[in-house]
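Subject: Structure handover and findings

Hello,

Here is the structure we discussed, with the sequence. My notes on what was found in it follow below.

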Amino acid sequence: MGATNYIINYKNLTEKQMRERVVTDTEQMQYEEGCSYSGTWASKAYGINIINKKFNSTQEAEDYILDNNDKWDCVDAVLVQYKAGTDKQNEKIKLEKSKTVEIKNSIMDFHKNWTKKLKERNSKTISCSSCKTRFNKEQIRNSFCPQCNHSLLSATDTKKVDKIKEKAEKQELKVKSLIAKRGGKTVKTWVVGGWCSC
Ligand SMILES: [Zn+2]
């Protein structure tokens, strides 16, 4: 017996409309999957728990619900309101988001390259600076010690990676602030659901 998450986003509904939709959707789930251990809202307690918290995105609201909802509770519902952004703003956000992905990919590339370069080194072994274990290079699959999980990177390489990570964080903040400054129409979305026993 486990639990699976079941979340639905309802756009532009009043609280009354949302409540009605939850009832009909739960009835539909019950009809299709049955009640107990169905992995749907039909397996949850009756009712809707409205959470009065502010979230900047439906994803944030969903994460909050899944962190706090229990499979024996009724569903949680959060109203998320945000500005949809103008076309120009959204284009800029998309561009800056793709830059974040590029920077993060370059961190992965750095680690991949490190492993590749290690194979090309003349020495047959490498030792961990933390637990002092010595390994045959063949035992090394990535840049972390198989024994203690400490990084096998040299101080210089660690600095390089930290610099890229810093850059990624700055880029993420940039995207966040662009999202916060969005104008345009207000989008209202009810994020509803929680964990369901299955
Ligand atoms: Zn180690």
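A nonpolar core here means a set of buried Ala, Val, Leu, Ile, Met, Phe, Trp, Tyr and Cys residues joined through C-beta atoms within 7 Å. Buried means that 20 or more other C-beta atoms lie within 10 Å of a residue's own; 12 or fewer makes it exposed, anything in between partly exposed, and C-beta atoms are placed from the backbone.

Two points on provenance. The model is predicted: local features need pLDDT of at least 70 and side-chain atom pairs count only at pLDDT 80 or more, while totals for chains, interfaces and linings use all residues. Residues are numbered from 1 along each chain as its sequence is written.

Domains

The domain assignment (bounds come from an automatic or database assignment) gives domain 1 as 3-82 + 188-197 and domain 2 as 87-180. Their C-alpha centres lie 37 Å apart.

The sheet

Helices (H or I, at least four residues) and strands (E, at least two) are DSSP runs, numbered from the N terminus. Two strands pair if DSSP finds at least two bridges between them. An open sheet is formed by four strands in the order β1-β6-β3-β2, with mixed pairing. From one strand to the next, the twist averages 25°; axes are lines fitted to C-alpha atoms, for helices over the stretch in contact, and angles run from 0 to 180 degrees between N-to-C directions.

The individual pairings are as follows:
- β1 and β6 run antiparallel and are joined by nine bridges; lysine 11 has threonine 189 in β6 as its bridge partner.
- β3 and β6 are also antiparallel, with eight bridges; leucine 79 is opposite tryptophan 190 in β6.
- β2 and β3 are parallel, over four bridges; isoleucine 48 is opposite valine 75 in β3.

The helices on the sheet

Contact means C-beta atoms, placed from the backbone, within 7 Å. Helix α1 lies across β1, β2, β3 and β6, at about 140° to β1. Helix α2 packs on the sheet as well, touching β1, β3 and β6, and its direction makes about 25° with that of β6.

Within α2, the residues Ala61, Glu62 and Ile65 are buried. Viewed down the helix axis, the buried residues of α2 fall within an arc of 100° (taken over the directions from the axis to the C-beta atoms), so they line one face of the helix. Their cover includes β1, β3 and β6. Gln59 and Asp67, on the other side of α2, are exposed.

The core

Which residues touch the most other members of the largest nonpolar core? They are Val78 and Val191, in a core of 19 residues. At least two residues of this core come from each of α1 (15-33), α2 (58-68), β3 (75-83) and β6 (186-197). Apart from neighbours within four places in sequence, valine 78 contacts Ile51, Lys53, Phe55, Ala61, Ile65 and Val191.

Valine 22 is in helix α1. Why does valine 22 count as buried? Because it has 22 C-beta neighbours inside 10 Å. With neighbours within four places in sequence set aside, valine 22 contacts Ile48, Val75 and Val192. Valine 22 and cysteine 131 are 109 residues apart in sequence, and their C-alpha atoms are 55 Å apart in space.

Regards

Key:
Two residues are in contact if their C-beta atoms, placed from the backbone, lie within 7 Å.
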